[in-house]
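Please read it alongside the sequence and the model.

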Amino acid sequence: MSQPNQMLHARVYTTPTHHRHRLERRCHWAQPQSPCHHPILFYKLPRSLLLTHTRNTAAPQRNVVVSTHCSISSSAPHSHRRLKMFHPYILGAFFASVLGFLLYALRDKERKDNRPRHHRADGLVTSSSEIGQCRQDDGFGTDIIIVGAGVAGSALAHTLGKDGRRVHIIERDLTEPDRIVGELLQPGGYLKLIELGLEDCVEEIDAQRVLGYALFKDGKNTRLSYPLEKFHSDVAGRSFHNGRFIQRMREKAASLSNVRMEQGTVTSLLEENGTIKGVQYKTKAGQELKAYAPLTIVCDGCFSNLRRSLCNPKVDVPSCFVGLVLENCQLPFANHGHVILADPSPILFYPISSTEVRCLVDVPGQKLPSIANGEMANHLKTRVAPQLPPQLYDAFISAIDQGKIRTMPNRSMPADPYPTPGALLMGDAFNMRHPLTGGGMTVALSDIVVLRDLLKPLSNLNDAVSLSKYLESFYTLRKPVASTINTLAGALYKVFCASPDQARKEMREACFDYLSLGGVCSAGPVALLSGLNPRPLSLVVHFFAVAIYGVGRLLLPFPSLKRLWIGARLISAASSIIFPIIKAEGVRQMFFPVTMPAYYRAPPAK
């Protein structure tokens with residue numbers, strides 16, 4: 001008599017995690033009953049696979065009870081014999097299940113011990129399985145960590161917090177900064193401030209309206225006004241104490257309930273499998289902590305120690321600023337920045353309060369006269385002071401005598417990022433230009449507007465790879481504005497510096513005269529400088545218009561071979577100034593961003 005079809009029927013009941021899982025096996029020697037009454041899962045397994053199936057199902061379960069019984073639906077005389085034959089399989093299945101459970105438990109414990117830990121302020125530790133949810137000490141989940149609470153960091157924290165993001169901002173020092181740069185906000189930057197809802201941050205800090213520039217050269221001067229006719233009467237540049245402005249923005253950001261501002265020094269980025277998961281930082285009290293978020297944005301300024309892992313930093317230091325504050329001094333042109341085309345490099349004056357004027361003396365190179373032994377004071381009095389307008393001379397000498405001389409290296413660095421999942425660079429940590437044109441804050445605020453618009457459609461930031469791919473469009477979309485201001489700053493500084501080369505002298509003279517013509521010859525360049533019309537093509541047109549104007553001056557009224565040669569060298573000098581800067585910024589991204597694939601990058605699927 002042929003033996004009945006031997007099949008095994010397994011039922012697995014899955015209950016909530018707080019109950020014990022129950023695994024029940026039923027072994028049938030007869031034809032199986034209908035499985036429709038089994039509530040969760042029904043298996044039909046050959047008898048030969050019993051041990052394998054038992055191990056595989058038991059291993060992933062913790063606290064599993066295996067209950068095995070057999071019902072034999074063949075003839076009674078054979079039942080006891082067949083049950084006895086089946087006992088070894090039952091015992092094997094039981095011991096295999098226990099062994100599988102023990103191995104799984106040991107492996108699970110080892111895996112948990114090796115996970116990156118999130119150290120909390122209360123001393124508890126959570127595993128990296130919580131990184132996706134980013135639970136903080138007090139239940140405050142974090143979407144974005146921002147490193148640095150300067151102009152870029154504070155404005156970004158407020159902007160993202162206002163959009164509903166949960167932001168944790170970590171700043172090395174929350175006391176009011178005392179800097180000699182970052183004090184002039186161009187009208188284009190003020191428009192971005194309005195767009196971000198931060199325009200009230202220039203109120204109550206004695207900020208001064210700036211309506212344009214005045215240029216001085218060899219006893220001549222010309223005034224260049226911002227083209228503000230098409231804007232609201234409140235739109236203008238603003239100059240102020242940098243520290244007061246930053247404190248106002250920090251207060252604005254911290255006023256949002258979903259923005260957490262903390263004083264601490266970020267020492268490193270936390271990386272796992274090529275993805276930035278968060279930061280390690282030291283609190284004001286000296287405690288080492290780690291914070292996790294799906295996105296970390298580094299805005300820790302020009303001296304950033306974190307950017308090396310996120311970009312290719314090519315930092316150039318063409319000069320240094322020597323800073324003074326002139327008190328109770330009246331500028332020749334009220335509410336204007338003043339640029340003196342001195343030898344060897346420009347000198348800047350602009351108001352930072354109703355009673356104070358900032359003076360920045362540019363010193364080429366990185367080696368400065370010593371302040372301690374009086375060399376700097378002597379240099380300023382003997383080399384710089386005689387080149388100033390008479391109205392500023394006495395206040396300048398008085399400021400030197402007070403001894404409050406500050407210095408600051410002027411850095412430039414083109415943006416050259418490494419797209420990194422989970423992290424992004426912004427502000428001076430990402431991109432710098434010579435501060436002659438005061439364009440740094442305008443670029444930073446413009447970048448924040450671009451990033452805000454990119455992040456708005458995203459409700460989930462946890463897919464780091466897809467997010468990083470999507471945010472590559474940030475680097476393309478920011479280029480037209482940022483590269484125009486960067487290129488203008490670098491080119492204008494080189495043109496304004498004195499040079500023994502005759503062609504460069506002619507270029508400098510031609511620039512001053514071209515801007516003095518008025519009309520489109522002044523309005524166009526000033527619109528570029530102010531950030532009101534940051535178009536790369538307009539920049540190139542005006543720059544070479546200056547060069548051609550210089551050649552025309554040389555050839556009139558009567559050309560000569562010497563003048564032709566100087567004119568050719570002038571065009572060559574102009575090309576050697578602007579083209580390397582454009583190349584560093586990226587020709588395609590700067591002039592043809594729509595040809596970049598990242599320009600059309602769509603948000604990742606939700």
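## Aspartate 234 and arginine 238

Arginine 238 counts as buried, at 7% relative accessibility, where buried means under 20% relative accessible area, exposed over 50% and partly exposed in between, computed with a 1.4 Å probe on protein chains only. Its salt-bridge partner is aspartate 234, with the closest N and O atoms 3.0 Å apart; aspartate 234 is partly exposed, at a relative accessible area of 33%. A salt bridge here is a side-chain nitrogen of Lys or Arg within 4 Å of a carboxyl oxygen of Asp or Glu.

## Basis of the model

The model is predicted, and local features need pLDDT of at least 70, side-chain atom pairs count only at pLDDT 80 or more, and totals for chains, interfaces and linings use all residues. Residues are numbered from 1 along each chain as its sequence is written, and side-chain values use heavy atoms, with hydrogens and water left out.

The structure holds 22 salt bridges. One of them joins arginine 358 to glutamate 183, with the closest N and O atoms 2.9 Å apart. Because arginine 358 lies in strand E21 and glutamate 183 in the loop between strands E8 and E9, the pair ties together parts that are 175 residues apart in sequence; strands are DSSP runs of at least two residues (E) and helices of at least four (H or I), numbered from the N terminus. Arginine 358 is buried at 4% relative accessibility, and glutamate 183 is buried at 2%.

Aspartate 200 pairs with lysine 252 in a salt bridge, the closest N and O atoms being 2.8 Å apart.
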